[in-house]
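Colleague: Could you walk me through this model and tell me what stands behind the terms you use for it?

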Amino acid sequence: MSKRVAVLGSTGSIGRQSLEVIREQGYEVAALSAGRNAALLLEQAREFCPPILAVADEEAAAEVQKELDALERPPFLFVGKDAARNAVAEAEADIVLNAIVGIAGLDATLTALADGTTVALANKESLVAGGQLVMREMQARGGVLLPVDSEHSAIFQCLQDPNSARTLQKIILTASGGPFYGKTQKDLAKIGPAEALRHPNWSMGQKITIDSATLMNKGLELIEAMWLFDLPPRQIEIVVQRQSVIHSMVEFSDHSVLAQLGVPDMRIPIQYALTWPQRRPGPAPALDFRQLRQLDFGPPDEETFRCLAACRKAAEKGGLAPCAANGANEEAVALFLEGRLSFLDIGRLVEGCVDGGSYAGAYTLEDVYACDAAARRYVREHI
């Protein structure tokens, strides 16, 4: 059965791979959104012919509009910080795949769920920063939220039997450990952006790759898993699995463990979110067990990688604490990539921000954005 898919963040790593899956499955593209990569967005628009485009950056949007003006029947173009949200509201999509990076994706997630549209969520910050709001909107409208992150997709796949799911005891989130697994704080003191961007297993965008190197990504995934699977942090364990072949596991009350395995290729979880509840042939290669020599496991080093420890604290505090951790991290990563602070400063600043407030209680969307702004301000004031 064909589907109409709106792809938000279509020019990023997840967005590009999503379009590969959409091409393979013969689905229709209802809308494409991008931040500032006008050239690639136009290339995608020429192939997939969506009726709606959205561009956040106004200069890039002007470049896109110039090209569209030459067309006899151009797609409608939304421009500015609300462009993705507006595109979702107008797209009439069967499913919205949200691959926007950062808290910028939250509003679009809420808009899609408010319309009763299924959301394939690669934007983990939607749940990290605004989990209360997202889950409330989903439950109120009877919406569906499908995980795209490889770890959460693995858990989701392991819990498809509702009888087994009722006896879930804990989730085991796997982590690659990033490029600096086993390193000490002394080893990491002089790490620069170029080294941190060399991930051993996955090909991702800059921000997510840095998050993997600091283990912030795993902390964000812990918080995301709490919301997706309705578990407290004490029932979510993190284990380093260096080969990135076991994408996550679940343990049941009888201590049986189910795991989902596959090559480290994001097209597998992307496709499962788009074709669920069915499975279909796809573009990702098969896992060759004859070539799989070993599977290594180990504990994460939260003393060295303080971002993960900070996220655990934020998860325990609840309320807006995860939002504060996320905002501080987004700002710190941007400054690190600009060469304005050190690799270890990222964890120091995220943890300091989480420790510096109470954050508990219910919140509104306005509270989320205010907390995010305050966290970014904290980072700039404590460099």
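Modeller: Gladly! This is a predicted model, in which local features need pLDDT of at least 70 and side-chain atom pairs count only at pLDDT 80 or more, while totals for chains, interfaces and linings use all residues. Residues are numbered from 1 along each chain as its sequence is written, and side-chain values use heavy atoms, with hydrogens and water left out.

Colleague: Why is H15 called oblique to H17?

Modeller: The axes of helix H15 (residues 321-337) and helix H17 (residues 365-381) cross at roughly 45° and come within 8 Å. Helices here are DSSP runs of H or I with at least four residues, strands are runs of E with at least two, and both are numbered from the N terminus. The axes are lines fitted to C-alpha atoms, for helices over the stretch in contact, and angles run from 0 to 180 degrees between N-to-C directions. Angles under 35 degrees count as roughly parallel, over 145 as roughly antiparallel, 65 to 115 as roughly perpendicular and the rest as oblique. The crossing of roughly 45° therefore makes H15 oblique to H17.

Colleague: Which hand does the crossing of H15 and H17 have?

Modeller: H15 passes H17 in a right-handed crossing. The term is right-handed if the near helix is turned clockwise from the far one by less than a right angle, and left-handed if anticlockwise.

Colleague: What makes the contact between H15 and H17?

Modeller: Contact means heavy atoms within 4.5 Å. On the H15 side the residues include Cys323, Gly327, Glu330 and Leu335, and on the H17 side they include Val368, Asp372, Arg376 and Val379. By class, the contact of H15 with H17 has 9 nonpolar, 1 polar and 5 charged residues. For these classes, Ala, Val, Leu, Ile, Met, Phe, Trp, Tyr, Cys and Pro count as nonpolar, Asp, Glu, Lys and Arg as charged, and the others, Gly among them, as polar.

Colleague: What makes the largest pocket a pocket, and how is its volume of about 1400 Å³ defined?

Modeller: On a 1 Å grid over the protein atoms alone, a pocket is an open set of points with protein on both sides within 12 Å along at least five of seven lines, whereas a cavity is a set where a 1.4 Å probe fits but cannot get out. Lining residues have an atom within 4 Å of a point. Grid points are joined across faces, edges and corners, and a volume is the space filled by probe spheres set on the points. The largest pocket has a volume of about 1400 Å³ and is lined by 48 residues, with Gly35, Arg36, Ile100, Val101 and Ala104 nearest its centre. Its lining divides into 20 nonpolar, 14 polar and 14 charged residues.

Colleague: Which classes line the second largest pocket?

Modeller: The lining there has 13 nonpolar residues, 1 polar and no charged. This pocket has a volume of about 260 Å³, and Leu145, Pro147, Phe156, Leu228 and Phe229 lie nearest its centre. Strand E7 gives the most to the lining, with 3 residues.

Colleague: How many cavities does the search find?

Modeller: The search of the whole structure finds 2 cavities of 30 Å³ or more. About 50 Å³ of space lies in the second largest cavity, and its lining of 10 residues has Ser150, His247, Gln260, Ile268 and Pro269 nearest the centre. The lining divides into 4 nonpolar, 5 polar and 1 charged.

Colleague: What makes Ser244 worth a mention?

Modeller: Ser244 has a positive phi of about 55° although it is not a glycine. Most residues other than glycine have a negative phi, and most peptide bonds are trans. Ser244 lies in the loop between strands E9 and E10. A cis peptide bond, with omega about 10°, joins Trp276 and Pro277, and Pro277 lies in the loop between H13 and strand E12.
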